Amino acid sequence: MAATPAPLSLSASTLPARLRVAGPAAAAAAAGRPRRGRMVVRAKIREIFMPALSSTMTEGKIVSWTAAEGDRVNKGDAVVVVESDKADMDVETFHDGIVAAVLVPAGESAPVGAPIALLAESEEEVSLAVAKAQELAKVGQTQQAPPPSADAAGTPPPPSPPVAEAPVAAAAPVAAGTKGVATPQAKKLAKQHRVDLAKVTGTGPYDRITPEDVEAAAGIQPKPKVAPSAVAAPPPAAAPAVGAVPQAAVLPPVPGATVVPFTTMQAAVSKNMVESLTVPAFRVGYPIVTDKLDELYEKVKPKGVTMTVLLAKAAAMALAQHPVVNASCRDGKSFTYNSNINIAVAVAIDGGLITPVLQDADKLDIYLLSQNWKDLVKKARAKQLQPNEYSSGTFTLSNLGMFGVDRFDAILPPGQGAIMAVGASKPTVVADKDGFFSVKSKMLVNVTADHRIVYGADLAAFLQTFAKIIEDPESLTL
């Protein structure tokens, strides 16, 4: 049996005699000979980057560091808690080492892909990592340098600003050889054009290599940018482009008012709501008698089943018969039919709104759905939802009936075909087909849908099916 190879050691005692420096004479002789190659041992200093915790996340906020500077961590250990646009999540390290320097302290934000800490492989590299952190801090301060005092005085800027930035660009190659961190698109372009990323100077945030840097290194001329005057060329009376979202003017603050910036979650909600304005949506309301649903709820309530779960289950069963309402339009040119029926339910939490998802709601019984919903709400209020638990919805349900709201319209979430707004169930005087009056409980549901894929007849048929399930809810318990 072959012997296990001994681990590689670079100490002088284990190197062959021909690789050792025997003394000053040998060193001098070696200096006089041309060198074919050199053995270079680089210190292993790795960067911990701000991860993309969701498809809509562009930056993250550091909530807290679970590992302090000087702590030794192992692969898979949680080192930092990051607030994404929807939840607080533990970020693990992919390597063993020592947390040598924290680049982004708790309470501050960084863009996705930016380094937030440096990890040294051993104690010998800690000092090198600290020096690198100081170098990165200096580069960041240089990039965020204030404009010249001439601009502050109101004088026009110089005609050639690229010349003023030349010293900053000249200093970048010093760190380019050691950093070499590129975006995925930059890596793809580098592979296509056979560009060595180690020789490319990054001009992105924190010296990251961008696709433009790779194209410049490959000798590709950048695409000419349209001058601002060309954009303003059309007459003011021209109609706005389809799908264009008007930018709201920044209003001056009201005297005596306090301005509070959005949290990460609130900023994400604002972005999604503005994006929803680009979708041609329409709304349809439908009254539904809920007497039998109320009776069923009283029976299953002691077993932990909520009204929200009953409504989600009924919606999922109706969607199974009307798949176009469960579809979405993501590119403006085609239908995307979803193979799963995942009901997202809007939940208000401290400082924002989130939509935990009941996955495969049409296939699970109401008792298992209730248990899943209980776990999701608990995790949502603790801001511990995983991305697939809030971003995989195919249809959204918003229920304000519990607050006594009788009717309201919901805004269509991006990437979905429809959202249902459920009002309160209230006693209502109704007349039957024979003209006799009676008092029955009724609720009004309003559905907002994407008119590119869902038409009026589609939505009306879906609501008829949903109403039949609610008015005869025995099928919900099967």
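Reader: How many aromatic pairs does the structure hold?

Author: The structure holds three aromatic pairs. Rings of Phe, Tyr and Trp (its six-membered ring) pair if their centres lie within 6.5 Å, and planes under 30 degrees apart count as stacked, over 60 as edge-to-face and the rest as tilted. Please note that this is a predicted model, in which local features need pLDDT of at least 70 and side-chain atom pairs count only at pLDDT 80 or more, while totals for chains, interfaces and linings use all residues. Residues are numbered from 1 along each chain as its sequence is written, and side-chain values use heavy atoms, with hydrogens and water left out.

Reader: What is the geometry of the pair formed by Phe 335 and Tyr 337?

Author: Phe 335 and Tyr 337 are stacked, at 5.8 Å centre to centre with 10 degrees between the planes.

Reader: And is Tyr 337 buried or exposed?

Author: Tyr 337 is exposed, because its relative accessible area is 51%; buried means under 20% relative accessible area, exposed over 50%, and partly exposed in between (1.4 Å probe, protein chains only). Phe 335, at 39%, counts as partly exposed.

Reader: Which residues form an aromatic cluster?

Author: Phe 395, Phe 462 and Phe 466 form one aromatic cluster.

Reader: What is Ile 343 in contact with?

Author: Leaving aside neighbours within four places in sequence, the contacts of Ile 343 include Ala 312, Ala 316, Leu 319, Pro 356, Val 357 and Phe 395. Contact means heavy atoms within 4.5 Å.

Reader: Let us turn to helix 13. What span should the helix have?

Author: Helix 13 (residues 366–381) has 16 residues and should span 22 Å at 1.5 Å a residue, which agrees with the 22 Å between its end C-alpha atoms. The expected span is 1.5 Å times one less than the number of residues.

Reader: Which residues of helix 13 are buried?

Author: Ile 366, Leu 369, Ser 370, Trp 373, Leu 376, Val 377 and Ala 380 are buried. Seen down the helix axis, the buried residues fall within an arc of 130 degrees, so they line one face of helix 13. The arc is that of the directions from the helix axis to the C-beta atoms. Lys 374 and Lys 378 are exposed on the other side.

Reader: And what do the buried residues pack against?

Author: The partners of the buried residues of helix 13 include helix 11 (291–300), helix 12 and strand 10 (343–345).

Reader: Now for strand 17. How many bridges join strand 9 to strand 17?

Author: Nine bridges join strand 9 (residues 281–289) to strand 17, and the two run antiparallel; two strands pair if DSSP finds at least two bridges between them. Within strand 17, Ala 449 is the bridge partner of Phe 282.

Reader: Which residue in strand 17 does Ile 419 stand opposite?

Author: Ile 419 stands opposite Thr 448. Strand 15 (residues 418–422) pairs with strand 17 in the antiparallel sense over five bridges.

Reader: How many bridges join strand 16 to strand 17?

Author: Six bridges join strand 16 (residues 426–431) to strand 17, again antiparallel, and Ser 438 is the bridge partner of Val 430. Five residues lie between the strands of this hairpin, where Gly 435 takes a positive phi near 90 degrees.

Reader: Where is the place of Ser 441?

Author: Ser 441 is in strand 17 (residues 437–450). The residue is buried, because its relative accessible area is 16%. Not counting residues up to four places away in sequence, Ser 441 touches Ile 288, Asp 291, Asp 294 and Lys 426, among others.

Reader: Finally, what order does the open sheet of four strands have?

Author: The order is 1-8-6-3, with antiparallel pairing. The edge strands, strand 1 (45–49) and strand 3 (72–73), each pair on one side only. Strand 6 (residues 97–102) and strand 8 (residues 115–120) pair over four bridges, and Leu 119 in strand 8 is the bridge partner of Val 99.
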